[in-house]
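Work through the following exercises with the model at hand. Each task is followed by a solution in steps.

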Amino acid sequence: MHKRNKSLSWAVNQFKNRSLQGLSYKLDRGISKPTRVIFCMTLRCNIKCQQCAIWRLPYEEELTTEQWKKVIYDLRKWLGPYRVQLAGGEIFVRKDIPEIIKFATDNDVLTGLVSNGTMITKKLADDIVKSGLGYIHISVDGIKAETHDHIRGIPGLHKKTTAGIDYLLDAAKGSGMSICVATVIMKPNMHELVDLVNWVEKKGINGIIFNPLGPTIDSDPDWYKKTPLFFDDLKEINRILDQLIELKRKSGKILNPPEQFEEMKKYFEKPQLLMRDKCMVGITNLSITCNGDIHTCFKMPPLGNLKETTVEAVWDSEKARDLRKKIKNCTIHCSPGNFVYRRNLLSEVLRYIKYG
Ligand code: SF4
């Protein structure tokens with residue numbers, strides 16, 4: 001199927017499901033199907049970022065290449081045209097990622113992925129582009145090498161990450177694959193965010209997406225008091241967020257909508273508060289973890305495991321309805337990051353057209 005037709009059928013499917021999500025939410029039912037699909041394919045990672053807890057988790061058995069292909073195929077049959085984000089850990093510790101993406105592309109499934117970029121060689125960049133990947137987000141936390149390396153815990157990483165980006169930029173020429181930078185906003189890098197946007201522009205990278213620093217999976221309500229990464233000068237971070245809103249208007253390289261930066265301001269001011277708006281992840285998100293567990297939110301118990309059941313069988317099950325009721329009263333601390341933040345459909349489609 002031609003890429004444009006594929007994208008159009010995805011947008012129509014998004015529209016159909018999003019129109020019914022309000023009703024699904026009200027009734028705690030799975031009347032609509034998920035519109036955000038994420039595979040967390042490995043917990044393994046080659047680095048140890050301060051803000052991340054995934055590498056601290058014990059090893060979890062991973063689905064094999066063939067099992068992931070079956071997941072992709074079965075979901076295509078149930079969901080219709082969909083888009084999946086592949087993530088980890090560091091996704092490229094698995095050697096089969098280009099093969100899995102190629103399988104998805106051949107089955108009319110749109111793909112994107114998130115990586116720290118440090119394992120991307122020239123050959124891997126070529127393979128990724130040939131696989132038909134739609135977008136790749138590479139984590140860069142500082143314009144200065146020492147900032148990035150300090151946050152990510154290993155000297156020399158910034159050099160490897162930017163080399164990975166260069167290989168990708170080179171391989172992706174004329175392919176339509178979008179390359180973006182992903183940055184977590186925190187105290188050590190807050191004075192480099194504006195320069196990062198300018199760097200993205202200068203390098204010809206498609207865009208940059210910001211995520212607010214948030215609690216890790218242990219969800220300690222006092223998390224922000226215990227980390228040196230959280231802000232002690234709120235006035236200053238608000239000023240910088242205002243600069244990003246302004247830059248968003250001028251440069252067009254920033255993927256976040258301005259409202260999300262406004263949300264971040266409220267959140268940084270009172271990180272101890274629970275999410276202010278209703279959480280829709282029980283309706284919108286389908287997250288499959290490396291061992292085949294089926295989740296909506298990663299922080300909530302699984303609905304089942306793909307070795308024993310299917311997504312279709314559990315999506316509107318008794319267990320799923322109970323979970324959705326529980327989510328309405330969720331007391332876990334979480335941030336308005338991109339896993340949770342819900343754009344309106346138009347801005348989602350526009351973002352897709354521009355950034356893949
Ligand atoms: S932790 Fe709770 S509020 Fe946050 S995304 Fe999950 S279900 Fe929603």
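**Exercise 1: Two aspartates**

Asp28 sits in the loop between α1 (3–27) and β1 (36–40), where helices (H or I, at least four residues) and strands (E, at least two) are DSSP runs numbered from the N terminus. The model is predicted: local features need pLDDT of at least 70, side-chain atom pairs count only at pLDDT 80 or more, and totals for chains, interfaces and linings use all residues. Residues are numbered from 1 along each chain as its sequence is written.

Solution. 
1. Most residues other than glycine have a negative phi.
2. Asp108 lies in the loop between α3 (97–106) and β3 (110–115).

**Exercise 2: A helix pair**

Task: determine how α9 and α10 pack.

Solution. 
1. Two packed helices are described by the angle between their axes and the distance between the axes.
2. Helix α9 (residues 234–251) and helix α10 (residues 258–269) pack at about 175°, with axes 9 Å apart. Axes are lines fitted to C-alpha atoms, for helices over the stretch in contact, and angles run from 0 to 180 degrees between N-to-C directions.
3. Angles over 145 degrees count as roughly antiparallel (under 35 roughly parallel, 65 to 115 roughly perpendicular, the rest oblique), so α9 is roughly antiparallel to α10.
4. Residues in contact (C-beta atoms, placed from the backbone, within 7 Å) include Leu241 and Leu244 of α9 and Phe261 and Phe268 of α10.
5. By class, the contact has nine nonpolar, one polar and three charged residues. Ala, Val, Leu, Ile, Met, Phe, Trp, Tyr, Cys and Pro count as nonpolar, Asp, Glu, Lys and Arg as charged, and the others, Gly among them, as polar.

**Exercise 3: The ligand shell**

Task: state which residues are closest to the ligand.

Solution. 
1. Eleven residues surround the ligand, each with its C-beta atom, placed from the backbone, within 6 Å of it.
2. The closest are Cys279, Cys297, Cys330, Ile332 and Cys334.
3. The shell has ten nonpolar, no polar and one charged residues.

Key:
Contact = placed C-beta atoms within 7 Å.
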